[in-house]
Each structure stands twice: as structure tokens, then as C-alpha cells.
Amino acid sequence: MTVPALRISHLRKVYRRGTVAVDDISLTVPEGEFFGFLGPNGAGKSTTIHCTTGIAEPTAGKIEVFGIDVVKNYREARRMVGLCPQEFNVDVFATPRQIVDWMGGYFGMRAAARKERTDFLMERFELIPHQKKSFRELSGGLKRRVVLARALVNDPPLLILDEPTAGVDVELRRVLWRYLQEINKDGKTILLTSHYLEEVERLCRTIAIVNKGKVVREGAKEEIAGTDGLEDAYLKATGAEPDHVKG
Amino acid sequence: MNWIGLFTIVRREISRMMRVPIQVFVAPWISALLFIFIFGFVVGGRIASIGGHRYLEFVLPGVLLMNIVNAAFLQSSSAIYFARFLHFIEETLVSPLSYVEMILGSLSTVVVRSVLTALGIMIIGLVFDATHIVSILGFLFWVVATSCIFGLLGIIIGLWAKSFEQLNVLTVFFITPLSMVGGVFNTVAMLPPWLRFLDYANPFFYFTNGLRGAMLGLDETPQGLGVGLTLVLLAVLGGTVWRLYSKGYGLRE
């Protein structure tokens with residue numbers, strides 16, 4: 001039996017002020033999967049991702065990345081994951097090139113390997129004309145490309161994308177989709193959160209829906225969407241009223 | 001040890017420093033120049049030599065120390081707070097860096113900034129023929145050790161602060177007043193006996209005395225006492241910072 005790319009068992013996260021953000025979430029993402037992780041704002045998606053990547057400390061439960069415990073063997077586990085976060089968590093005065101290069105440095109990549117990888121990513125995400133501008137001068141779409149390039153600098157086998165296309169124009173969204181499908185085809189496991197159900201429907205093969213810190217539905221995309229479609233299934237799962245005003 | 005990761009922290013911080021060179025380097029050099037001019041010439045001209053040294057030579061190690069302390073504290077506190085404020089501290093949290101590597105990376109940058117600040121002041125001192133070093137090893141020890149002590153304090157404040165205002169608390173209420181009365185401008189003998197406790201109970205006095213000993217060979221207390229106190233402070237502050245990092249205080253949600 002192969003080791004899953006991500007296994008979360010009974011994860012619970014309670015913040016210092018007592019807010020329960022995640023309440024007993026368990027899920028498994030097999031290697032090579034394109035996994036959609038859906039839920040309304042505040043459902044616990046980002047917190048689950050933060051616990052997986054080291055930004056937050058789990059209160060209880062276990063998270064393994066390719067069989068490696070993210071708390072006990074955090075250094076080894078971190079090498080397997082690339083994170084493209086929802087917020088732009090970068091030094092806004094740095095240039096795209098510096099941001100990507102520094103991240104490669106934190107991962108212990110040597111200068112030559114960093115340069116080669118940074119060159120490739122700058123070109124792949126059409127950042128070459130902008131690579132020496134400061135991050136704060138870039139448009140929203142370009143900023144998204146930079147954080148995605150940063151997540152890919154160490155070529156991680158598991159890529160976690162927390163709303164990667166929020167605020168991105170249609171053209172870039174389609175470019176990103178094509179790229180993500182390409183790297184998934186090459187074997188990279190992708191966990192994607194998004195509020196664009198069309199995006200999830202197009203890209204993901206398996207879906208988990210979370211609400212109020214718990215997984216409320218999980219399965220193959222076709223199975224969850226059923227005959228009414230993903231949007232209705234999502235609204236039912238999260239307890240919201242389905243929209244009866246359909247065009 | 002992830003040396004490349006550690007060195008990357010240093011590279012990133014040096015790049016940040018170089019964005020504001022006037023604030024980081026020129027301001028302390030000008031401030032030191034003014035201290036040297038006012039206390040060395042204007043005031044110093046009226047003070048007899050101390051231990052065979054001109055007043056300017058006596059004051060220079062203290063002025064140097066005050067600037068090292070400020071540079072070290074500002075470097076680490078602003079680096080950590082700025083990274084927390086803009087959330088790019090998360091870049092290091094999601095990468096395979098250990099807490100020790102993160103702390104050593106911050107401290108290495110602190111030492112780089114302190115040494116560059118000190119070098120500039122030493123050159124200014126040379127112009128006035130006031131820069132002397134009698135023990136290079138001792139001089140390096142005091143520059144690096146005091147940088148690390150205030151770098152570690154800066155990390156603690158950078159992790160604790162929730163606003164830019166709070167970042168200045170330690171400087172305003174602790175560092176500036178204690179450094180001013182820590183034997184920078186006077187010997188203990190110049191104080192009335194009932195005020196001498198201000199020096200003896202003040203850690204800055206031992207740092208100034210140590211650096212002055214290494215530069216002029218002039219000691220008001222045994223060097224061993226200052227070295228011991230400094231090593232104890234380094235161990236306590238280093239342990240505290242490591243503990244805060246391993247608990248994720250101010251870093252992880």
C-alpha cells in the first residue's frame with residue numbers, strides 16, 4: 001500500500017481565546033491527487049492548512065506528509081510541502097526574484113540550483129519584466145504569480161494552494177489552471193481551496209467539504225456533485241439555502 | 001545544520017538594512033561624531049586626564065558601546081516585528097529551518113550591523129586620534145557579546161510587541177537611561193559615594209568598563225566580574241529566546 005501524500009487524523013485546533021477553528025477533521029489525500037478542500041469562510045480550511053505547514057500549532061491530532069509527522073519531524077516534512085497562501089505574506093519591499101531566491105535559500109538550495117530554478121519560475125510565470133520591481137508595485141495578478149512561484153521553488157511533491165486565484169483576472173486564472181493540471185499530470189499532489197466552484201469542478205478529482213471545523217462530505221467529485229451539480233451539493237452540505245433563482 | 005538557510009536569513013536582513021542606510025549607519029555615525037565633539041572637545045577640554053588618558057579617549061568606548069547596543073537592539077526587534085507585521089515570518093516557519101538556525105541567523109545579522117556601526121565610529125575616533133585597542137581579543141569579545149545580549153533582548157521585544165509604539169518601550173525606559181548613567185561619561189570616583197550604586201547596580205557599567213579595559217587598559221572593576229555577568233546574561237537570554245521560539249510565542253498561531 002502506498003503512503004498518502006497527506007493524512008490528517010482527528011485534527012483539532014483551538015485558538016488561545018477559545019475559538020474552536022477545527023474540530024476533529026480527518027482526511028486522506030492520496031499521492032498524485034488533485035484534491036479540492038471546500039467550505040465557507042471560517043470553516044477551518046486555512047487553519048487546517050496552517051497546521052499542516054507549520055504556521056499554526058495543532059491542539060490535538062496527527063498530520064503526516066508522505067508518512068512524516070509534521071510536528072515530530074517537522075524539518076523533513078517541510079521539505080515535502082509548498083504553500084501558496086491566501087494572504088500575501090511577503091516582504092513587500094523585496095523584488096519577486098529576491099522573494100523566490102530567499103525561499104530557495106531557506107530550503108537549503110545551493111546558489112546555482114536556486115538561480116536555475118528562479119530563472120525557470122520567472123519565465124514560467126511571465127515575471128521576467130517585473131522581477132526587479134518591488135512586490136508592492138505589482139498588480140494583484142502578478143503578486144499571485146510571485147507567491148505561486150515561491151511555493152514551487154523547491155519543487156515540492158505536495159503543493160497546497162489556499163485560494164490561489166482570488167482576485168486574479170480570467171486570463172491568468174486559465175493560465176494557472178493549465179499549469180496546475182500540467183504539474184499534477186507530472187505527479188505533483190495538489191490540495192486546493194477555492195470559493196470558485198467552477199475552478200474546483202474543472203481541476204479536482206476528489207473533494208472534501210468542511211463546515212464549522214468538521215468534514216461534512218468527502219468523496220469523488222462526480223459522487224458529490226450527483227445530478228444537481230457541485231453548487232447545490234455544496235450549499236446543502238454547508239447548511240445554506242440552495243439558490244432557487246436560477247437563470 | 002542548514003547553513004544555506006541560516007545565511008539566507010543574514011542575506012535577507014542585510015538587503016533590508018541597505019534599503020535604509022542613512023537610518024542604519026549614517027545616523028549613529030553622526031550621533032557619535034556629535035558626542036565626540038561635545039564631550040571630547042567642548043566639555044572634555046575642561047576635564048583633567050583620567051588614568052593618563054584624554055577625556056575624549058575615556059568617553060569613546062562608552063559612545064561606541066551605546067551605539068552598538070542601539071544598533072543590536074533595533075536590528076533584531078525591528079526585523080522580527082516587521083516580519084510578524086507583514087506575515088513574512090511565515091516564510092521561515094514553513095521552511096526546514098530549526099529554531100536554533102532562525103535565532104543564529106538573527107544574531108549573525110545583529111553582529112554584522114553592530115560591527116559595521118562600530119567600525120565607522122572607530123574611524124571617526126581615529127580622525128581625532130582617540131581610537132586605541134590594547135586587547136583585540138577583549139575588544140572583539142565585548143563587541144560581539146554586547147551585540148548578542150541586546151540582539152536577544154530585541155528578539156524578545158520583537159516577539160512581544162503588538163504595535164510600533166511597544167517596540168520603543170525598552171529603549172525609552174531602560175536602554176537609554178541606563179546607558180547614560182552606566183559610566184560612559186564619568187568614573188565611579190567622580191560620583192558622590194551615595195550615588196555610586198547607580199554604576200555598580202547597572203549592567204551597562206560592566207559592559208562600558210569591559211570595552212574601555214580592552215581599548216585603554218583602564219578598569220574600574222575586575223574584568224572577570226564583567227565577563228562572568230555577560231556570560232550569565234547571554235545564557236539566560238539565549239535560553240529564554242530558544243524557549244519562546246520552541247513554544248511558538250509571537251510566531252505561530
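## The interface in outline

In this predicted model, 29 residues of chain B are in contact (heavy atoms within 4.5 Å) with 34 residues of chain A. The area buried between the two chains, that is, the accessible area (1.4 Å probe) that two parts lose on being put together, summed over both, is about 2800 Å², and carbon and sulfur atoms give 53% of this. B:E91, B:P96 and B:E253 supply 26% of what chain B buries against chain A, more than any other three residues.

Residues are numbered from 1 along each chain as its sequence is written, and chains are lettered from A in the order in which they are written. Local features need pLDDT of at least 70, side-chain atom pairs count only at pLDDT 80 or more, totals for chains, interfaces and linings use all residues, and side-chain values use heavy atoms, with hydrogens and water left out.

## Charged pairs

Let us turn to the charges. The rule finds 5 salt bridges across the interface of chain B and chain A, each a side-chain nitrogen of Lys or Arg within 4 Å of a carboxyl oxygen of Asp or Glu. A:R75 forms a salt bridge with B:E101, and their closest N and O atoms are 2.7 Å apart.

## Chain B as a whole

Chain B has 11 helices and 0 strands, taken as DSSP runs (helices H or I, at least four residues; strands E, at least two). Its C-alpha atoms fill a box of roughly 60 × 35 × 35 Å along the principal axes. Buried residues (under 20% relative accessible area, 1.4 Å probe, protein chains only) make up 55% of the 253 residues in chain B.

Conventions
Buried < 20%, exposed > 50% of the residue type's maximum accessible area, 1.4 Å probe, protein only.
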